[in-house]
Amino acid sequence: MAFEKILGNENIKETLIRNVKTNTILHGYMFAGKAGIGKMLFAKEFAKMILCLGENKPCNMCKSCVEFNRK
Ligand SMILES: [Zn+2]
């Protein structure tokens, strides 16, 4: 499941998941807010979803997901 590590922000999660599922990913995204609220984690999880080669993104099993999870 996408964004399982991130609590709250359900509307943002739904929007990003819908963007990936409907292949309507925009040119750029800005993750803004106070320090320590999880912007980097959000961005990394979103990038993992975009680059995932599996059916259910992120699958956490494809080469791309394995590389992401290794870091
Ligand atoms: Zn994957």
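Helices here are DSSP runs of H or I with at least four residues, numbered from the N terminus. With that in hand, we can walk through this predicted model and start at a helix end: just after α1, Asn 23 takes a positive phi of about 55°.

Let us step back to the whole chain before returning to that spot. The protein chain holds three helices and zero strands, and from the N terminus on its elements run α-α-α. Its C-alpha trace spans about 35 × 25 × 20 Å along the principal axes. For 71 residues, a compact globule would have a radius of gyration near 11 Å, and the 12 Å of the protein chain agrees with that. Of those 71 residues, 14% count as buried. As for how the chain meets itself, take the contacts with a separation of 6 or more: residues 24 or more positions apart account for 35% of them.

Now to the helix we began with. α1 has 12 residues and reaches 16 Å from its first C-alpha to its last, close to the 16 Å expected at 1.5 Å a residue. This helix is hardly covered, as the count of buried residues among its 12 is one. Is Glu 14 buried or exposed? Glu 14 is exposed, because 12 other C-beta atoms lie within 10 Å and the exposed class takes in counts of 12 or fewer. From Glu 14 to Thr 24 the sequence separation is 10 residues, while the C-alpha to C-alpha distance is 13 Å.

The backbone on either side of this helix deserves a look too. In the segment before α1 we find Asn 9, whose phi is near 55°, a positive value in a residue other than glycine. Asn 9 is partly exposed, because its 15 other C-beta atoms within 10 Å fall between the limits of 12 for exposed and 20 for buried. Past the helix, Asn 23 lies in the loop between α1 and α2, and it too is not a glycine although its phi is positive, at about 55°. Asn 23 counts as exposed because it has 6 C-beta neighbours inside 10 Å.

Where is Pro 58 placed? Pro 58 is in the loop between α2 (39-51) and α3 (63-70). A cis peptide bond joins Lys 57 to Pro 58, with omega at about -10°.

Conventions: Residues are numbered from 1 along each chain as its sequence is written. This is a predicted model: local features need pLDDT of at least 70, side-chain atom pairs count only at pLDDT 80 or more; totals for chains, interfaces and linings use all residues. Helices (H or I, at least four residues) and strands (E, at least two) are DSSP runs, numbered from the N terminus. The expected span of a helix is 1.5 Å times one less than its number of residues. The radius of gyration is taken over C-alpha atoms; the globule rule is 2.2 Å times the number of residues to the power 0.38. Two residues are in contact if their C-beta atoms, placed from the backbone, lie within 7 Å.
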